[in-house]
Amino acid sequence: MSLFDGCSEIVDRHLGITDEWVGQSPRYASATSLLRMTEENLPNGHDLVSELFGQMMRNWGIAGCPATTSKENWRFTKHVIFDDKNRSPEVLLERTIAKVTGDQWANQIPVDSGLLDKSGKTLDLACHNGDFVDLIELKVAANTPLSAAIQVLNYGLANVFFQINHHRVLPSGSENQLLNAKQLRLHVLAPTEFYQRFEKVSAWLREFEASIRRGVVLYSAQFLNSEYPRVSQFCFQAFPAGFHWDPSRHNDGYHQQAVKDALEQRFCYFS
């Protein structure tokens, strides 16, 4: 079991995806499923968010409400080693962003390390931005905007879960910076080409984005404890159109500057 067991099935159901659709669960994650979306497949954002968070709490409860001995969850540090075996374009871009940014940025952040048997998810990037913390799922070419959105939504709700249950799930003395964040903003960040592949359903993705944004805001507003974090935004972000990531140049100072400039110029793609 993991903290996210059952969440994929919940998403498929809220999107109106049945066993008649092509592929295996999670069916929402495939490009074929996204390209098939119509207005009838738009979820009620509040209901989806509420059920996903409830499933996480249920999974933890079924497992006996265990704690983790790991102090790594939601650590706010940089991981910029480039000489390991992971050479995917996405990972190289993530680490380049961490390398060229200041102390307000962190990457490769453990989400649920050691909590349940099947743990080990990591968030790509996080940024302290004044009173807000941005949690970012980074994409280059793999996967779809929809699958990335659900990924960062799950991780954002996991952060809320850890904050609410802080003293029950984390070792004594854990004071990870991201577990003190009271205003969370969730983003998918990718080159414009990543979204252009799904131009056919751009209107649907715009409405989906709005629904999830409303959902996280409404759900957060229900928390009676003022110390609980609020999720105030969800957005599909893009690098400017002129930016093209070349992973073979991740050590090139000029290309690193281009990454930094593109990051500073990122924008909400659909709105």
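Me: How many aromatic pairs does this structure come to, and what describes such a pair?

Reply: A pair of aromatic rings is described by the distance of the centres and the angle of the planes. In this predicted model, the count comes to 17 aromatic pairs. Take Tyr195 and Tyr269, whose ring centres are 4.7 Å apart and whose planes stand at 20 degrees; because planes under 30 degrees apart count as stacked, this pair is stacked.

Me: Which parts of the chain does the pair of Tyr195 and Tyr269 tie together?

Reply: Tyr195 belongs to helix α7 (residues 192-196), while Tyr269 lies in the segment after β6 (267-268), so the pair ties together parts that are 74 residues apart in sequence.

Me: Is Tyr269 stacked or edge-to-face with Phe270?

Reply: Here the ring centres of Tyr269 and Phe270 are 4.9 Å apart and the planes are at 90 degrees, so this pair is edge-to-face.

Me: Which of these residues are buried, and which are partly exposed?

Reply: The cut-off for buried is under 20% relative accessible area, so Tyr195, at 1%, counts as buried, and Phe270, at 7%, is buried as well. Tyr269, with 22% relative accessibility, counts as partly exposed.

Me: Which residues do ring pairs link into a cluster?

Reply: The cluster linked by ring pairs consists of Phe194, Tyr195, Phe234, Phe236, Phe267, Tyr269 and Phe270.

Me: Where does Arg36 lie, and where does Arg185 lie?

Reply: Arg36 lies over the face of Trp21, at 3.9 Å from the ring centre, and Arg185 lies over the face of Phe132, at 4.4 Å from the centre of that ring.

Definitions and conventions. Residues are numbered from 1 along each chain as its sequence is written. This is a predicted model: local features need pLDDT of at least 70, side-chain atom pairs count only at pLDDT 80 or more; totals for chains, interfaces and linings use all residues. Side-chain values use heavy atoms; hydrogens and water are left out. Rings of Phe, Tyr and Trp (its six-membered ring) pair if their centres lie within 6.5 Å; planes under 30 degrees apart count as stacked, over 60 as edge-to-face and the rest as tilted. Helices (H or I, at least four residues) and strands (E, at least two) are DSSP runs, numbered from the N terminus. Buried means under 20% relative accessible area, exposed over 50%, partly exposed in between (1.4 Å probe, protein chains only). A charge sits over a ring if NZ of Lys or CZ of Arg is within 6 Å of the ring centre and within 35 degrees of the ring normal.
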